[in-house]
Amino acid sequence: MASIFSKIVSGEIPCHKVHENDKFLAFLDINPLAKGHTLVIPKVEIDYIFEIDDALLGEMMVFAKKVGLAIEKVIPCQRIGVTVIGLEVPHAHIHLIPIHQISDMNFAKPKISISHEELGEIAAKIRSQF
Ligand code: AMP
């Protein structure tokens, strides 16, 4: 069965798209730790990030870098935290999270509450940087 992220890639379910190319897609996390929390995925469905071949993984990180630099321009933060968890969705993804302090990267804390309207506005702002 296709992962929820493959369904996003195919357009079967919607997302707040931030950026894409032929191999990768970036979209806002629906339950973010912070405003601008973005996920970067390969369009091809691969569960574990370390199953991605070296060349594609390298390209994925370069794509994530471009997206992270775009997020930084529109979301006030000290840095973009970069992490991989992958316990919930079996489709490899990199989390890009605008942070001010280490505790902003704590995935065990409650997610922020944010409307679809605001997610849409944030995604549009980030998209405008490309
Ligand atoms: P993990 O697999 O542990 O890295 O977590 C998966 C992440 O995907 C979580 O932060 C979820 O909030 C996020 N997520 C799950 N479904 C969606 C979706 N349909 N759109 C955007 N983000 C999602």
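The structure is a predicted model in which local features need pLDDT of at least 70 and side-chain atom pairs count only at pLDDT 80 or more, while totals for chains, interfaces and linings use all residues. Residues are numbered from 1 along each chain as its sequence is written, and side-chain values use heavy atoms, with hydrogens and water left out.

A polar backbone atom of leucine 87 is 3.2 Å from a ligand oxygen, and a polar backbone atom of glutamate 88 is 2.9 Å from a ligand oxygen. For histidine 93, an N or O atom in the side chain is 2.6 Å from an oxygen atom of the ligand. The protein covers 91% of the 510 Å² of accessible area that the ligand has on its own, as computed by the Shrake-Rupley method with a 1.4 Å probe.

The space that the ligand takes is the largest pocket. A pocket is defined on a 1 Å grid over the protein atoms alone, as an open set of points with protein on both sides within 12 Å along at least five of seven lines; a molecule sits in a pocket if more than half of its atoms lie within 2 Å of its grid points. Helices (H or I, at least four residues) and strands (E, at least two) are DSSP runs numbered from the N terminus.

Histidine 91 is located in the loop between strand S4 (79-83) and strand S5 (94-99). With a relative accessible area of 0%, histidine 91 is buried, where buried means under 20%, exposed over 50%, and partly exposed in between (1.4 Å probe, protein chains only). The side chain of histidine 91 forms a polar contact of 2.8 Å with the side chain of serine 3; such a contact is a pair of N or O atoms within 3.5 Å, and within protein one must be able to donate a hydrogen and the other to accept it, residues adjacent in sequence counting only if both atoms are side-chain atoms. The histidine 91 side chain also reaches the backbone oxygen of proline 42 at 2.8 Å.

Isoleucine 126, in helix H3 (residues 116-127), is buried because its relative accessibility is 0%. Its C-alpha atom is separated by 8.3 Å from that of glycine 36, 90 residues apart along the chain. Isoleucine 114 belongs to the loop between S5 and H3 and is buried at 16%.

Phenylalanine 50, by contrast, is exposed because its relative accessible area is 65%; this residue lies in the loop between strand S3 (38-42) and helix H2 (54-74). Lysine 43 is placed in the loop between S3 and H2, and is partly exposed at 25%.

Notes: 1 Å grid on protein atoms, 1.4 Å probe; cavity = no way out; pocket = protein on both sides within 12 Å on 5 of 7 lines; lining within 4 Å.
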